[in-house]
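Trainee: I would like to learn how to read a strand and a helix pair in a model. Can we go through one case of each?

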Amino acid sequence: MADYIRRIVSGNKARFKDGNLNLELDLVYITDQVIIMGFPAAGIEGLYRNRREDVKKFLDHRHGKNYWVFNFCPLKENSYPPETFDGRVSRYPFPDHHAPPLAIMPLVAREMQIWLSGSPERVAVLHCKAGKGRSGTMACAYLLSNDQLASPPRLERSYSRKQWAKIRADEAMDAIPEDTATHRLSNGPLLGEGAPIESPAPLSEPVSPDPEQPQQKSYTEALGHVLDLHTSRRMRPSSDSEKVKQGVSIPSQRRFLYYWSLLLSHEAPSHLWASEPLVPSPDQDSKILSTPISRERSRPKVRLTEINIRMKELSNMRINLVRAANAVIDRTSMSKSGSIASQADKNTHAMWVSLARYDDDFVETLERWERYTRMNDQSGQGHMGRREPGTEHFGQEILNELFSDGRWDNKKMVRSFARMGAVGEESVIKNKTEEDGKIKTFKLRPLSETNWKEFEQDIAGNQEQYSVNPEDIDIPASEANSMYDFTQGVKGRGVVLDAGREVRVKLYMGQVFMGWLWFIPTFHMPQPPPNSDLSQTQPSSLSSKLTLQRKELDFALGIGSSVIDIEISLEWLRETEVEAVQPPARVNTEDEERAPERAKEPGGLVEAMASGNVRGIVETKQAAED
């Protein structure tokens, strides 16, 4: 019964059966040295996920002490002591359903490379909660950083008994010469009828790349290869006629892997990360976060001026569902009983977004460790996928203990810093096309503190007291719930961003979550950034528009499925324009603790239910909460 429940929870992910140990685990070998699995759980959670003791038994039996576990779950999500796996555990946490901080990719890839290069018998075991998105993203990040193309497993240990028997049978069938004459007579024209004769491929041609024959590769071209490899190993169709779903399916995670491939091939913007080495002071008491970095130029900035969202006009049924969802949110999180009816029509079409990024000190720490550990080479840019020997310590700080105290992941890791909304009748444009029918275009511009207060009142209505405690209905706190996050009003013509930092754009209609996307502005801007020295190369243009289709958004389910595309307008700031990057609001501990209680939201749950997509319901709810 327990295995049956675990199979349901695993969904369409591949599982591993070990007949000798009588175990079935949510686990798969991507290559002979890279394993991905679901979270090793204990207690009640162990009834529907991998049992921790079973995972330990499996790894010890198959690999002895030749395995190292990489855990990508924040402490507040899931945790276990490193002693569970004899201390062979490294943690690199980031939230579920999110793109990772870009600088965490090289740190993971380098540590995996050091461990696996020690012996061909070694394996790296990667897990998050479900063992799919975050684990798959980081596995692909490592495989991309290798000099040769990754290949599927070749060793018997990497397969179950049934899988290995099938592979051997397939190899035997492939070795049988094809009866070309019979095939020609039954399926094609006879000789002399003008049909060309195709020479069969030589039987000695390998099915997959030979690891003993080094192959040169393009990192960007290799991205598709490793994503396909991960999908082919991690996922399975639920039926013979169904197409296999992508292993790394969240568009923003795939987008960040593309950024990583550009960094590996030295095709990324040259300004992105500091190139100056970080050297600890002689007294060995220096802290990596407080060590000064000399920069010839400040970090380039961009201004986000406008976001245009094109949507198909909602049907009456969907409009009523949005009203119902907004009313539920009002009643469960903020408003007086009976105050909703007067606001329901107002908040139905209020379109707005929240802008957020990872904690600034967290990312700065990752970027400094990235530069400090990057292997130097003759190009001066360094080998992104390799760690410089002897860089595990910086003064008294140890890289492997960076997350040991939970200071980065026992609280919100993502912080909102600005909002944009469609204010006024002129911000909503209606038109009609043959392809999409009736369309509404929402023009979102930065909201000042005054504008946001007016906007918030239209959305939420009266919120002087709560009529129902959110805890009573078990709606968990979000990673960065937008409506009641503490932010500072935007001043000037747009939201000023660090061009090299990640940005999350989270979409709402009223209070209903519609989806989000992560991006890094500089990868979508003309290069290089403008320079006050006119003798230097200047960008061909100061502005750019990033357009993403609905399929390129994360969790665009429910009313989010009506989105056609999103256009983000960006422009470089010249060095002479002295404007600071939009900061997250600084709040005290009490405010931060109270904020999640005021930010509970079912998100797109009501709309996902209307679609009848059960898995979509779960994913939308989880995404809205993260």
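Trainee: How many residues of strand E7 (residues 67-71) are buried?

Mentor: This is a predicted model. In E7, 5 of its 5 residues are buried, so the strand is mostly covered, where buried means under 20% relative accessible area.

Trainee: Which way do the side chains of E7 point?

Mentor: In a regular strand the side chains alternate between the two faces of the sheet. Here Tyr67, Val69 and Asn71 point one way, while Trp68 and Phe70 point the other way. All of these residues are buried.

Trainee: Which strands are joined to E7 by bridges, and in what sense?

Mentor: Strand E9 (residues 123-127) pairs with E7 in the parallel sense over 5 bridges. Within that pairing, Val69 has Val125 as its bridge partner. Strand E8 (residues 89-91) also runs parallel to E7, joined by 3 bridges.

Trainee: What is the angle at which helices H4 and H8 pack?

Mentor: Two packed helices are described by the angle between their axes and the distance between the axes. For H4 (residues 133-145) and H8 (residues 251-264), the angle is about 15° and the axes are 10 Å apart. H4 and H8 are therefore roughly parallel to each other, and their crossing is right-handed.

Trainee: Which residues make the contact?

Mentor: H4 contributes Gly133, Arg134, Thr137, Cys140, Ala141, Leu144 and Ser145. From H8 come Gln253, Leu257, Trp260, Ser261 and Leu264. By type, the residues of this contact divide into 6 nonpolar, 5 polar and 1 charged.

Conventions. Residues numbered from 1 in each chain as written. Predicted model: local features only at pLDDT ≥ 70, side-chain atom pairs only at ≥ 80, totals over all residues. Heavy atoms only, no water. Axes fitted to C-alpha atoms, helices over the stretch in contact; angles between N-to-C directions. Helix = DSSP H or I, 4+ residues; strand = E, 2+ residues; numbered from the N terminus. Parallel < 35°, antiparallel > 145°, perpendicular 65-115°, else oblique. Left-handed = near helix turned anticlockwise from the far one by under 90°. Contact = heavy atoms within 4.5 Å. Nonpolar A, V, L, I, M, F, W, Y, C, P; charged D, E, K, R; others polar. Buried < 20%, exposed > 50% of the residue type's maximum accessible area, 1.4 Å probe, protein only. Pairing = 2+ DSSP bridges.
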